[in-house]
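Student: Please take a close look at the aromatic rings. Keep it brisk.

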Amino acid sequence: MNQNEFMQLVNPFKDKLFRVAKRLLVSTEEAEDATQEVLVKLWNRNESLGEYKSVEAVAMTMTKNYCLDQLKSKRAGNMKIVHNNFTDREASLQQKIEDSDTWNWVEKIMNNLPEQQKLIVQMRDIEEMEFEEIGKVLEMNEQAIRTALSRARKVIREKMIKTHHYGIG
């Protein structure tokens, strides 16, 4: 496989790799490094990439594992999950402020979810991946993914309701 063929293969999903890395690592620089590292590893395996059913699933798995390794390392002690792409461009200023506040609360709640649930919410609700794709990346069956996603959403929903209805009664 030459360089052009490789780029045609990875271009459709390289931004998705970056977004997953950014979700886990927060830092844009760290996410760029993670994405680059995964792409280099894929390039080093370029002759055997044809053996995989889904190169994207392999790349997502590699990205997830690399990021989790970084989070476990000593230098990642101060990282957290962040997502800045929430507000609607045509919303009023008040709506933008409310959306931003709501997203900040969702981020805080997501920070307290187990890593696996964070990844599932990221992949399904933000990346809009299918359950089958998520299953390949996380090496889980679809029912377990659905259950974990349901539990994560329930926690987020309950804590948001509790937060927004505090003192109202």
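Tutor: Buried means under 20% relative accessible area, exposed over 50%, and partly exposed in between (1.4 Å probe, protein chains only). This is a predicted model: local features need pLDDT of at least 70, side-chain atom pairs count only at pLDDT 80 or more, and totals for chains, interfaces and linings use all residues. Residues are numbered from 1 along each chain as its sequence is written, and side-chain values use heavy atoms, with hydrogens and water left out.

Start with the rings. The structure holds one aromatic pair (Phe, Tyr or six-membered Trp ring centres within 6.5 Å; planes under 30 degrees apart are stacked, over 60 edge-to-face, the rest tilted). The ring centres of F6 and W43 are 5.2 Å apart and their planes meet at 75 degrees, so this pair is edge-to-face. The partners are 37 residues apart: F6 sits in helix α1 (residues 3-25), W43 in helix α2 (residues 28-44). Helices here are DSSP runs of H or I, at least four residues, numbered from the N terminus. F6 is buried, at 6% relative accessible area. W43 is partly exposed, at 35%.

Two other rings carry a charge over the face (NZ of Lys or CZ of Arg within 6 Å of the ring centre and within 35 degrees of the ring normal). K108 lies over W105, 4.7 Å from the ring centre. R146 lies over F131, at 4.0 Å from the centre of that ring.

One more contact list. Beyond neighbours within four places in sequence, L138 is in contact (heavy atoms within 4.5 Å) with K64, L119, I120 and M123.

Definitions and conventions. Helices (H or I, at least four residues) and strands (E, at least two) are DSSP runs, numbered from the N terminus.
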